[in-house]
Amino acid sequence: MTTIPYILVLLAYGIVSFVHLLPGVAPRAVEERARLLVMVGATVHLFELGGLLMFGAVAPGYPEALSAASFGIAVAWLVVARDRLSSIGVFLTPLSAVMLGFALIAPRHQVAAMDADPVAPSLAAPIHLGLMVAGLAGFAVSFAVGVAYLVVRDRLKRRKLSGLPRLPALETLDRIQFRAMLFGFVFLTLGIVTGGAWAAWSLDGGSWVADPKVWFTAVIWLWYGVALQVRLVAGWRGRWGALFSIVGFTGMVFSLVALDSLVSGFHAYGP
Amino acid sequence: MLGLSYRTAPVEVRERVAFSEVEVRERLGQLRGQGVCDEAFLLSTCNRVELYGVPAHGEAARIERWMAQHRGPRGESLEPYLYRHSGRDAIVHLFRVACALDSLVVGEPQILGQVRDAVKVAEESGALGRLLGPLSRRCLHVAKRVRTETAVGRGRVGIGNAGVDLARQIFGDLVGKRALLIGAGEMGREVAKALLSAGLAELLVANRTFERAVEVAEQFGGTPIGMDRVADYLSRVDVVIAASGATEPIIRPAEVRAAIRLRRYRPLFLVDLAVPRNVDPAVGELDEAYLFNVDDLEQVVERGQHGRSQAAVEALRLVEQEADAFVVSLAEIDVGPKIGALVRAAEHMRELEIARSQRLLATLDDDGKKAVDAMTRALVKRLLDEPLRAVREAARAGDAARVAQILAVFGVNEDGGTGEGR
């Protein structure tokens, strides 16, 4: 799926990642226009991905899944990384760029389920995939902000207070981390429900029960559910929230990138 | 002069060595009573402890021996934390300290008050003499000059702003946050004031004497609470500013741990400005407690200092000039008695000669006697005029050898005696 628009999108994400990782190296003009670059990149990304999925008669496969995740994280960055919060972009834009890079070189495989369901409604795939990607984007923000929280906490605890790039305040990070996790949880839940409905309608039940990705996702859903619950009930915030979101997101990325090549099921990508 | 400060010694060491006012009086008495110093001046603040002494019989080793009795928190020698200055360097150092040029927050106003108090204590103890008396008065004057003639201390980034800066790194903004101020000292009040103007919702004030707590609370529109209620209120505030003169920690880990649970693990920000410290350092190891002491504020403060370095350079130049002027005035004081002796010796000789010429003078009338008297006086004065000017000049240049040489010509020795053996 290495098309010219995709390469341009990757270029945009890549430049912004570079600016984030090595501040002060790129010309100021580029640093100031990082937002614009990602905005244009994400727009092209949306048309390319959505167009291919909906009108290009391309069934969703491994590259599309990665590309969709990359798009979701890019949009998440646009939502979160305004002025003072831009420093957490360090954790988001590179993720987006790397995922898209993988998507471009990944072998073209179709999801097994699509073969099993020749009459899949054209909207089912984008809706299920879109909700999952929104969930992933929420968890990505929660993860990035969680890491930033731990960095700020470490600085304060070790009293390293000067000469470092300014990050948002501890409580601000904690609040955003929680909201992003809640956002991710809501969309993950919706994604699971639509996936279930789609499976119930198109597959003859039964077979999805044995799918490892379904189980893995259920564990992740539980994990985030527990994280939200202990926070709301017992007040386990801050460091706990950060650790929950870092572990949870690592699991999600693992599920997205590697799980399907390790086990087989109907989410797995066919030959 | 010898001492230690926040530059050389961490707060653990300073809190061990810091003297209370009563102790300062005691030590000053000891220093003079035991024949360590002829004159002594002891400055003890939360950021420095410095001894300015004129050693007895000029033996500086006596002061060193006295100092060696003092030990660090683990019984170790204080040697690695000490710095020493003597002569002009010691004068420059005292001036710099008084002018807040050596302070953690350059230009901060507290140090001048602290130096003034220390001068008063030393004066009352009778520890200031011919050297330290004028020096201590001079340093207060220099500090005033620096304050009025340079930009040091103007638009300053104080300890209060450092506190606000840290609070913002934890809370984002302070709107709706509550703080507890323990102690009524100046530093604590300054931090409280800065936090209030940054949007703090409520300030509680606790103090050893409740009346003072009420006073300070009124000043800030806060609420006074009893010192015994501090632990109860820990769970209801977000910021604790500890700046009391208590010698034992007031806030301990167990209380903070309980408070954090009640706060549902929201962060608690503690600033400990006191020396000795008011908050047990172990509190800082608790997960949601963020504890900072006076030393930690230093690095926050330093960020705000660049703009003032130019003013500090100017002030330093002024301090150097004043130190030179003071050294000169010292030399002049030294030479004063010698000049007096020389003038007295010359007058003595004149009277002798007049007495010797008594018979001849008797032939003169009163006008004639007066004329001779006036003429001889004028003659002596004219003769001494040039040598005295040269002596003063040499003294001002600090050239002791030349002073001695000129005086020797007139038979005046080092001690100001005339050496005529009578």
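**Exercises: where chain A meets chain B**

The side chains of B:Asp287 and A:Arg239 meet in a salt bridge (2.2 Å, N to O); the term means a side-chain nitrogen of Lys or Arg within 4 Å of a carboxyl oxygen of Asp or Glu. This is a predicted model, where local features need pLDDT of at least 70, side-chain atom pairs count only at pLDDT 80 or more, and totals for chains, interfaces and linings use all residues. Residues are numbered from 1 along each chain as its sequence is written, chains are lettered from A in the order in which they are written, and side-chain values use heavy atoms, without hydrogens and water.

**Exercise 1.** Find how many salt bridges there are between chain A and chain B, and how much area the two chains bury.

*Solution.*
- Step 1: Between chain A and chain B the count is 4 salt bridges.
- Step 2: The two chains bury about 2100 Å² between them, 43% of it on carbon and sulfur atoms. Buried area is the accessible area (1.4 Å probe) that two parts lose on being put together, summed over both.
- Step 3: On the chain A side, A:Arg159, A:Leu161 and A:Glu171 lose the most area to chain B, together 31% of what that side buries.

**Exercise 2.** Work out the strand order of the open sheet in chain B, and which strands stand at its edges.

*Solution.*
- Step 1: The 4 strands have the order β2-β3-β1-β4, with antiparallel pairing. Strands are DSSP runs (E, at least two residues), and two of them pair if DSSP finds at least two bridges between them.
- Step 2: β2 (37-44) and β4 (83-84) of chain B each have a single partner strand, so one side of each is left without a neighbour in the sheet.
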